[in-house]
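Welcome, and thanks for opening the viewer. Keep the selection tool at hand, and let's walk through this structure one stop at a time.

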Amino acid sequence: MTYKFLSMKLDKQLIQDHNKKLHDKHQSGFSFIADRLTTEGHDVERILAKIAALQIAIPSWALGTGGTRFSRFSGGGEPGSLEEKIADVGLLHAINRSSGAISLHIPWDIPKDAKAIKSLAKEYDLVFDAVNSNTFQDQADQELSYKYGSLSHSDKAVRKLAIEHNVDVIKHGELLGSKALTVWLADGTCFPGQQNFRKAFQRTLESLKEIYTALPDDWQMFIEYKPYEPYFYSTVIQDWGTSHLLASKLGKKAYCLVDLGHHLPNTNIEQIVATLMMEGKLGGFHFNDSKYGDDDLTVGSIKPYQLFLIFNELVYGMEDPASINPPPAWMIDASHNVKDPLEDLLQSVEAIKLAYTQALLVNKEELEAARENNDATQAQEILQHAYRTDVRPLIAEARRRAGAALHPITLFRNLNVRKQLIQERGLKTVSTGL
Ligand code: RM4
Ligand code: MN
Ligand code: MN
């Protein structure tokens, strides 16, 4: 099978040659920052180990060009099958050794032969992250419609269909070794009065309870919220409070999922993260960036400082020995129609690692002391000292040690990946997904 041509055969030698060319420049940048951090009392080796350990799942629906409701401009060479999607993620992982997982959306990506798909993924050193259900679209052969909702629908038969779909998604995930189901509901209304809010919530809860019953003991259920779109007056699971209410009522396997794009402008997302982690209910994260709404832009492209502040809370929550929150599942949920989707994903992974690393540098004791003294100036100094540190050489060094490329985008371009993919797959391929 030729789609394996790049990722699996990505010769270690190619990475080494690339790294060799950049070696001297990298080394001087790394020594500089390593010395500075050591002087400031940081354990550089410990930081490098943490950076290397952070793996971010790639969504199977973001490997093609994203469209808008107006148009879709394919860049060519898009993966036309799940096998090709796995090859693409495998290539990303070979380049950065930081995206060793794939998150599948069903039915966009139903594995026909789960065993074969699982072993294919293993060849690329990939595991399967959360599986996602889709009750926001009607499938071709579907008799009942989700036009007026799915798990919250007024018609029991539609709810049953949506429940069964979710149970089915769990079954697909089990065969692949996934350990979580992400439920994002489009359910909502476009006009005041269209729906009884309470009934819609209660029906959703009852439906989720049935899905929860089918959830294996070692699985988690992530409940994603979103304020609006595709409906524009009300959304059943509109915010973290609603998601938390549902997760709490369901039980200990149910958690909230924060998608960065699913907040109204200027929402203090870092505070939401802090609250959810305090309650042990932050299960998963969808990274992206946005200017206006659910824009699904490259992570860190618009509001990198906000991303850092969010990571500051995540690191606090993860490193707190008293924390009752399980390690959250990290996923990217970005997709757009301008960049090469693979380059976009490489940039997104990099941005996540940058924010994480900067957050690791925050001097927590000094920050707490400043807070206790109500010293807002000093608190800002401490946060921005970490944020304004150029940690790129640290991330590059962690990558180099893991056998990955010092500069992923440069290697990707030098390998002419897109050109080769177009030759292999054609110019007019259309990937399933957004
Ligand atoms: C939604 C939401 C979900 C994603 C779909 C495709 O806006 O972010 O996580 O599965 O888009
Ligand atoms: Mn999402
Ligand atoms: Mn979204």
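Start by selecting Pro107, which sits in the loop between β2 (101-103) and α4 (114-123). As you look around, keep in mind that this is a predicted model. Most peptide bonds are trans, and most residues other than glycine have a negative phi.

Where can you find Pro230? Look in the loop between β7 (220-224) and β8 (234-235). Here the bond leading from Glu229 to Pro230 is cis as well, with omega near 10°. Glu229 counts as partly exposed because its relative accessible area is 33%.

Next, jump to Asn266, in the loop between β9 (254-259) and α8 (269-278). Asn266 is not a glycine, yet it has a positive phi of about 70°. Is Asn266 buried or exposed? With a relative accessibility of 79%, it counts as exposed.

**Stop two: the ligand**

Select ligand 1 and show what surrounds it. There are 11 residues around ligand 1, and those that come nearest are His105, Glu224, His262, Asp294 and Asp333. Color the shell by class and you will find 3 nonpolar, 3 polar and 5 charged residues.

Which side chains place a polar atom by an oxygen atom of the ligand? For Glu224, the distance from a polar side-chain atom to an oxygen atom of ligand 1 is 2.7 Å. For His262, the corresponding distance is 3.1 Å. His286 has a side-chain N or O atom 3.3 Å from an oxygen atom of ligand 1. On its own, ligand 1 has 290 Å² of accessible area, and the protein covers 96% of it.

In soluble globular proteins, nonpolar side chains tend to be buried together. To see this here, select Ile86, Phe285 and Leu394: of the 113 residues in the largest nonpolar core, these touch the most other members. Helix α10 (residues 341-360) gives this core its largest share, 10 residues. Apart from this core lies another, of 9 residues, including Ala57, Ala130, Tyr255 and Met331.

Zoom in on Ile86 and show its contacts. Beyond its sequence neighbors up to four places away, Ile86 touches Ile102, Ile117, Leu120, Ala121, Tyr124, Leu126 and Phe128.

Asp88 is part of helix α3 (residues 82-96). Is Asp88 buried or exposed? Its relative accessible area is 2%, so Asp88 is buried. Leaving out residues up to four places away in sequence, Asp88 touches Leu63, Pro79, Leu342, Leu421 and Arg425.

Finish with Gln347, which belongs to helix α10. Gln347 counts as partly exposed because its relative accessibility is 34%. Setting aside residues up to four places away in sequence, Gln347 touches Thr298, Val299, Lys339 and Ile409. Show the side chains of Gln347 and Lys339 together, and you can trace a polar contact of 2.8 Å joining them. Then select Ile409: Gln347 and Ile409 are 62 residues apart in sequence, while their C-alpha atoms are 7.7 Å apart in space.

Terms used:
Residues are numbered from 1 along each chain as its sequence is written. Chains are lettered from A and ligands numbered from 1 in the order in which they are written. This is a predicted model: local features need pLDDT of at least 70, side-chain atom pairs count only at pLDDT 80 or more; totals for chains, interfaces and linings use all residues. Side-chain values use heavy atoms; hydrogens and water are left out. Helices (H or I, at least four residues) and strands (E, at least two) are DSSP runs, numbered from the N terminus. Buried means under 20% relative accessible area, exposed over 50%, partly exposed in between (1.4 Å probe, protein chains only). Contact means heavy atoms within 4.5 Å. A nonpolar core is a set of buried Ala, Val, Leu, Ile, Met, Phe, Trp, Tyr and Cys residues joined through side-chain atoms within 4.5 Å. A residue is near a molecule or strand if one of its heavy atoms lies within 4 Å of it. A polar contact is a pair of N or O atoms within 3.5 Å; within protein, one must be able to donate a hydrogen and the other to accept it, and residues adjacent in sequence count only if both atoms are side-chain atoms. Accessible areas come from the Shrake-Rupley method with a 1.4 Å probe; for residues, only the protein chains shown count as cover. Ala, Val, Leu, Ile, Met, Phe, Trp, Tyr, Cys and Pro count as nonpolar, Asp, Glu, Lys and Arg as charged, and the others, Gly among them, as polar.
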